[in-house]
Amino acid sequence: MVTYRPLPLTETQRSTLISSALSARDGSYSPYSKFRVGACMLKEDGGFVKGANVECASYGGAICAERTAIVKAVSEGTKKFVGLAVTSDVPAIISPCGICRQLLREFCPLDMPILLVPSNYEEGVTKVVKVSDVEGKGTEGVLVETTMGELLPLSFGPEDLDKPRDRS
Ligand code: THU
């Protein structure tokens with residue numbers, strides 16, 4: 001269960017998250033979709049964990065970049081995260097798929113910042129916008145900043161399983 005609150009990202013954390021997500025694409029194994037995705041998670045202890053999408057000939061077995069990163073971290077003992085950045089080779093931002101959102105929800109606070117990074121991101125040049133500013137305007141070449149709770153509203157999480165039942 002997630003019981004801590006993330007602090008706002010520092011400038012260094014933001015730029016490292018972004019550059020690490022962009023470079024994480026180099027680890028992508030995506031011969032089927034030819035759609036590289038890179039992700040980077042910031043751990044509560046300050047460390048960064050990168051992930052890329054890994055596909056297989058049985059297409060349904062593909063693992064997204066976000067899940068690669070979180071599974072790497074959790075399986076090595078980290079269960080607290082304070083930031084995430086995701087990018088692809090597309091100048092319009094992409095956003096974590098439904099399965100990834102649920103797995104992220106397991107370990108990430110609802111107010112954790114998530115940076116959706118366009119492929120042509122340039123530090124100091126690319127505009128940073130909130131989801132509310134983007135609606136209807138498209139996401140080409142802008143960095144969209146959102147949160148876990150915004151991506152998965154009214155979500156089901158580990159704490160729901162602790163609630164008393166009407167019947168046993
Ligand atoms: N993919 C990700 O890695 N993350 C996302 O947020 C969306 C989709 C991957 C899965 C698959 O390898 C490829 O992109 C095309 O769907």
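Colleague: Is R25 buried or exposed?

Modeller: Buried means under 20% relative accessible area, exposed over 50%, and partly exposed in between, with a 1.4 Å probe and protein chains only. R25 has 13% relative accessibility and therefore counts as buried. R25 sits in the loop between α1 (11-24) and β1 (37-43); helices (H or I, at least four residues) and strands (E, at least two) are DSSP runs, numbered from the N terminus. The model is a predicted one, in which local features need pLDDT of at least 70, side-chain atom pairs count only at pLDDT 80 or more, and totals for chains, interfaces and linings use all residues. Residues are numbered from 1 along each chain as its sequence is written, and side-chain values use heavy atoms, with hydrogens and water left out.

Colleague: Which backbone oxygen does the side chain of R25 reach at 2.8 Å?

Modeller: A polar contact is a pair of N or O atoms within 3.5 Å; within protein, one must be able to donate a hydrogen and the other to accept it, and residues adjacent in sequence count only if both atoms are side-chain atoms. The R25 side chain reaches the backbone oxygen of L22 at that distance, 2.8 Å. A polar atom of the R25 side chain also lies 2.9 Å from the backbone oxygen of S88.

Colleague: Which residues surround the ligand?

Modeller: A residue is near a molecule if one of its heavy atoms lies within 4 Å of it. The residues around the ligand include S33, F35, V37, N53, E55, A65 and S95. An oxygen atom of the ligand lies 2.5 Å from a polar side-chain atom of E55. Polar backbone atoms contribute as well: that of A65 is 2.9 Å from a ligand oxygen, and that of S95 is 3.5 Å from a ligand oxygen. On its own the ligand has 370 Å² of accessible area, of which the protein covers 78%; such areas come from the Shrake-Rupley method with a 1.4 Å probe.

Colleague: Is Y59 buried or exposed?

Modeller: Y59 has a relative accessible area of 61% and is therefore exposed. Y59 belongs to the loop between β2 (48-52) and α2 (65-75).

Colleague: Finally, how many helices and strands does the protein chain have?

Modeller: The protein chain has five helices and six strands, in the order α-β-β-α-β-α-β-β-α-β-α along the sequence. Of its 168 residues, 46% are buried. The C-alpha trace spans about 55 × 40 × 35 Å along its principal axes.
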